[in-house]
Amino acid sequence: MSDLLSRRLALLGERANLSLLSQCLHGIERECLRVDSDGQLALTPHPAALGSALTHPQITTDYSEALLEFITPAEADPATTLADLELIHRYAYSKLDGEYLWSPSMPCALPDEETIPIARYGDSHIGRLKYVYRRAWRCATARPCSASPASTTTSPCRTASGPCCSMPKATAAAPATTSRRATSA
């Protein structure tokens, strides 16, 4: 533990500061995978019965359509926070229609990376942005990009089904250029 953290914890533990701990708000973000009856990752879209993954305040998705994220409101009483989480879980279970929530921290058996459905958030600008971000993240972290013989400016990531995206290739620094606007006197 760092010296700074140790000093701060010691300050909180002093009698004069203990009341500060009762002024905290508590919230939980809990992730669970949706799985089918065989314990395999659910490859189905985010259930419409759970509401929009983009705008629902308590149920969304993370990287994949199958990765649900439950978000409790911030509460002063930790017991209320846990009760909120229980209500969100119960609601989600009631809408899963033959699927289950995988609770262990180790994931269920996963299919090939390309088979895992990336989370979709609709056709709005922000929804598309969130999808593109996750797609690029998959591309950048799951496999090395290889240069495309067809292009010298992009480096598409290769998957079993072909390129998944095009990421700009790193290039040598271009000389600085200046532009001048014409002004009238």
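Predicted model: local features only at pLDDT ≥ 70, side-chain atom pairs only at ≥ 80, totals over all residues.
The side chain of Arg7 meets that of Asp3 in a salt bridge, with an N to O distance of 2.6 Å. Asp3, with a relative accessible area of 52%, is exposed. Because Asp3 and Arg7 are 4 residues apart in helix 1, about one helical turn separates them.

## The other salt bridges

The structure holds 3 salt bridges in total. Side chains of opposite charge can pair when their charged atoms come close. In helix 3, Glu86 and Arg90 lie 4 residues apart, about one turn of the helix, and their side chains meet in a salt bridge with an N to O distance of 2.8 Å. Glu86 is partly exposed at 40% relative accessibility, whereas Arg90, with a relative accessible area of 54%, is exposed.

Arg34 forms a salt bridge with Glu99, and the closest N and O atoms of this pair are 2.5 Å apart. The pair links distant parts of the chain, since Arg34 belongs to strand 1 while Glu99 sits in the loop between helix 3 (78–95) and strand 4 (100–102), 65 residues apart. Both Arg34 and Glu99 are buried, which means that each has under 20% relative accessible area.

## Overall fold

The chain contains 4 helices and 6 strands, and, read along the sequence, these elements follow the pattern α-α-β-β-β-α-β-α-β-β. Of the 185 residues in the chain, 29% count as buried.

## The largest pocket

Rolling a probe the size of a water molecule over the atoms shows where empty space is left. The largest pocket has a volume of about 290 Å³ and is lined by 18 residues, of which Glu31, Leu33, Leu67, Pro107 and Leu110 lie nearest its centre. Strand 1 (residues 29–35) supplies the largest share of this lining, with 4 residues. Sorted by class, the lining of the largest pocket has 12 nonpolar, 3 polar and 3 charged residues.

## The loop between strand 1 and strand 2

Thr44 is found in the loop between strand 1 and strand 2 (59–61) and is partly exposed, with a relative accessible area of 34%. Although Thr44 and Ile116 are 72 residues apart in sequence, their C-alpha atoms are 9.7 Å apart in space.

Ala48 also lies in the loop between strand 1 and strand 2, and at 74% relative accessibility this residue counts as exposed. Ala48 and Leu96 are 48 residues apart in sequence, with a C-alpha to C-alpha distance of 9.7 Å.

Technical notes
Residues numbered from 1 in each chain as written. Heavy atoms only, no water. 1 Å grid on protein atoms, 1.4 Å probe; cavity = no way out; pocket = protein on both sides within 12 Å on 5 of 7 lines; lining within 4 Å. Points joined across faces, edges and corners; volume = space filled by probe spheres on them. Helix = DSSP H or I, 4+ residues; strand = E, 2+ residues; numbered from the N terminus. Nonpolar A, V, L, I, M, F, W, Y, C, P; charged D, E, K, R; others polar. Buried < 20%, exposed > 50% of the residue type's maximum accessible area, 1.4 Å probe, protein only. Salt bridge = Lys/Arg side-chain N within 4 Å of Asp/Glu carboxyl O.
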